[in-house]
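This report looks at how two protein chains meet. Please look over the sequence and the structure before reading on.

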Protein chains: 2
Amino acid sequence: MNSPLHLYKAEFFKALGHSVRLAILDALREGPLSVTELQAVIQADQSILSQHLAKLRVMKFVSSRREKTTIYYDVPDREVYQFLDLAKNIYVRQLQQSQEMLKELAPSEELPE
Amino acid sequence: MNSPLHLYKAEFFKALGHSVRLAILDALREGPLSVTELQAVIQADQSILSQHLAKLRVMKFVSSRREKTTIYYDVPDREVYQFLDLAKNIYVRQLQQSQEMLKELAPSEELPE
DNA sequence: CACATATATTTGAATATTCTAATATAACAA
DNA sequence: TTGTTATATTAGAATATTCAAATATATGTG
């Protein structure tokens, strides 16, 4: 169960396990953006953004190309978005379940302080 | 970009970012198993397994039901497996890309020691 | 009740990830 | 060459995750 493949899979999911990296992928949904553009959309500072881009690059979620001094990032494998959409279906259901538990805990009452 | 939803999404992926937890989900693909059975399949010790099951439970990837002293775990949302299969398509391609880079680095040669 | 079995939780140390700040690099323009 | 803009990398501190060991709990049995 700790085969190289299992460990690699875990790295794959870890690469997605950060809100900035998810925001990057979201921002690139409609097409490539430069780092500066990403910075504006995501509101993260230069160094942070660059470090997270590096992780996504290492794991091949994004590719980059230089044009003069600007670097454009892209998600070449469009199936990534199908995948993220499927993820959304699942976690929305999971959240709903948590909601239901809360309601059962406090039926027609305020939550205790 | 650090909205509660983005943060929750990140938690969702983090929950999958561990080889033991992926092994658990794999083991439950064909149906429910008890903790003892999981221990045998996954070869992880009791405490570790239980801690990872707890994370999967909190994030609603698994549900559990007690039968006498035995607790059976299950993945009630079968779409999770579609999702994991899609993930596999993607990371297999990502791995292939890494392979190609290696080949380019050392064309028709052994890798340097 | 006392004990056994199955599983869960807690605690602290070990390890990994993230952030901040500073520095480095690459390409171009003057 | 010097300066400027865009981006990347590094180092160390801050934070989070994981693991191992010990302990707790829940259920059933004699």
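A polar contact is a pair of N or O atoms within 3.5 Å; within protein, one must be able to donate a hydrogen and the other to accept it, and residues adjacent in sequence count only if both atoms are side-chain atoms. Across the interface of chain B and chain A, 4 residue pairs are in polar contact, both residues being at pLDDT 80 or more.

The model is predicted: local features need pLDDT of at least 70, side-chain atom pairs count only at pLDDT 80 or more, and totals for chains, interfaces and linings use all residues. Residues are numbered from 1 along each chain as its sequence is written, chains are lettered from A and ligands numbered from 1 in the order in which they are written, and side-chain values use heavy atoms, with hydrogens and water left out.

On the side of chain B that touches chain A, the residues divide as follows (Ala, Val, Leu, Ile, Met, Phe, Trp, Tyr, Cys and Pro count as nonpolar, Asp, Glu, Lys and Arg as charged, the others, Gly among them, as polar).

| Class | Number on chain B |
|---|---|
| nonpolar | 23 residues |
| polar | 11 residues |

In terms of contact (heavy atoms within 4.5 Å), 41 residues of chain B meet 41 residues of chain A. The rule also finds 6 salt bridges across this interface, a salt bridge being a side-chain nitrogen of Lys or Arg within 4 Å of a carboxyl oxygen of Asp or Glu. A:Arg93 forms a salt bridge with B:Asp77, with the closest N and O atoms 3.0 Å apart.
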